[in-house]
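Student: Could we go through this model together, taking the strands and then the aromatic rings?

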Amino acid sequence: MLSKAERLKKAPVRHIEVAAEIAHRVPPGQALTDRFPILHENEVPEYNMAEWTLTISGAVEKETVFSYEQLMAMPQTTQVNDIHCVTRWSKLDTKWEGIKFKDLLPLLGVKPEAKYVMIHADQDYETNLPLEDLLREDVLLAHSYDGEQLTPKHGWPLRLLVPHLYFWKSAKWIRGFEFMTEDRPGFWERNGFHNYADPFEEQRFSGEDLGLPEDEWHKKEWD
């Protein structure tokens with residue numbers, strides 16, 4: 001049986017036209033949408049928020065556990081970003097609210113030798129990122145989208161937002177940050193997808209990029 005990466009590589013690709021005035025905002029091979037496709041593996045988790053926690057582990061002075069109330073009491077940021085999915089859709093001017101990762105970092109006791117982070121999420125999902133990428137101004141632990149609480153299908157109660165990378169790096173239903181001294185691939189990174197995932201470099205796959213269909217996301221559920 002072909003993996004997801006292998007199936008996407010083998011599907012045909014057609015040329016996608018983008019208006020000249022926004023071309024600099026749209027990575028190669030992406031199609032614009034006004035909707036918000038819903039893509040994830042497995043079922044949407046359900047939560048008892050009195051028991052929900054976010055755990056900080058790995059190369060830190062001491063493991064730390066945050067409740068949802070503690071996170072919501074921290075300074076909140078609202079921002080607008082373009083987002084890009086590896087399945088070839090891009091959505092411009094999306095509005096998010098949450099906690100900047102760089103604002104959370106001083107509370108975590110991260111050791112100097114920590115250079116990478118594994119983001120752990122429910123449904124046995126994980127994805128890896130360099131720590132320096134998480135420290136960008138626009139990286140959020142997001143709880144709201146377009147002025148409303150995130151829907152469960154889009155990652156409520158908390159998802160990561162890393163808008164400069166393909167959207168599989170913006171993990172839904174996050175439950176922990178594991179700080180690492182050496183890099184380690186996450187779920188999709190172990191299954192044929194690129195380790196870094198820069199959309200403007202079309203870093204979709206770990207091997208030869210044989211193309212990804214621009215209509216794959218049309219088959220998914222929408223908000």
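Predicted model: local features only at pLDDT ≥ 70, side-chain atom pairs only at ≥ 80, totals over all residues.

Student: Which strands stand at the edges of the open sheet of five strands?

Tutor: The open sheet has mixed pairing and the strand order β4-β3-β12-β7-β8. A strand at the edge has a single partner strand, so one side of it is left without a neighbour in the sheet, and this holds for β4 (64-67) and β8 (125-130).

Student: Which residue in β8 does I119 stand opposite?

Tutor: Strand β7 covers residues 116-121 and is joined to β8 by six bridges, the two strands running antiparallel. Within β8, the residue that stands opposite I119 is T127.

Student: How do the planes of W168 and F193 stand in their aromatic pair, stacked or edge-to-face?

Tutor: A search of the whole structure finds 16 aromatic pairs. One of them is formed by W168 and F193, with 5.3 Å centre to centre and 65 degrees between the planes. Because planes over 60 degrees apart count as edge-to-face, the pair of W168 and F193 is edge-to-face.

Student: How many residues apart are W168 and F193?

Tutor: W168 lies in the loop between β11 (159-161) and β12 (174-180), whereas F193 lies in the loop between β12 and β13 (221-222). The pair thus links distant parts of the chain, and the two residues are 25 residues apart.

Student: Is W168 buried or exposed?

Tutor: The relative accessibility of W168 is 9%. Because buried means under 20% relative accessible area, W168 counts as buried.

Methods:
Residues numbered from 1 in each chain as written. Heavy atoms only, no water. Pairing = 2+ DSSP bridges. Helix = DSSP H or I, 4+ residues; strand = E, 2+ residues; numbered from the N terminus. Phe/Tyr/Trp six-rings, centres within 6.5 Å; stacked < 30°, edge-to-face > 60°. Buried < 20%, exposed > 50% of the residue type's maximum accessible area, 1.4 Å probe, protein only.
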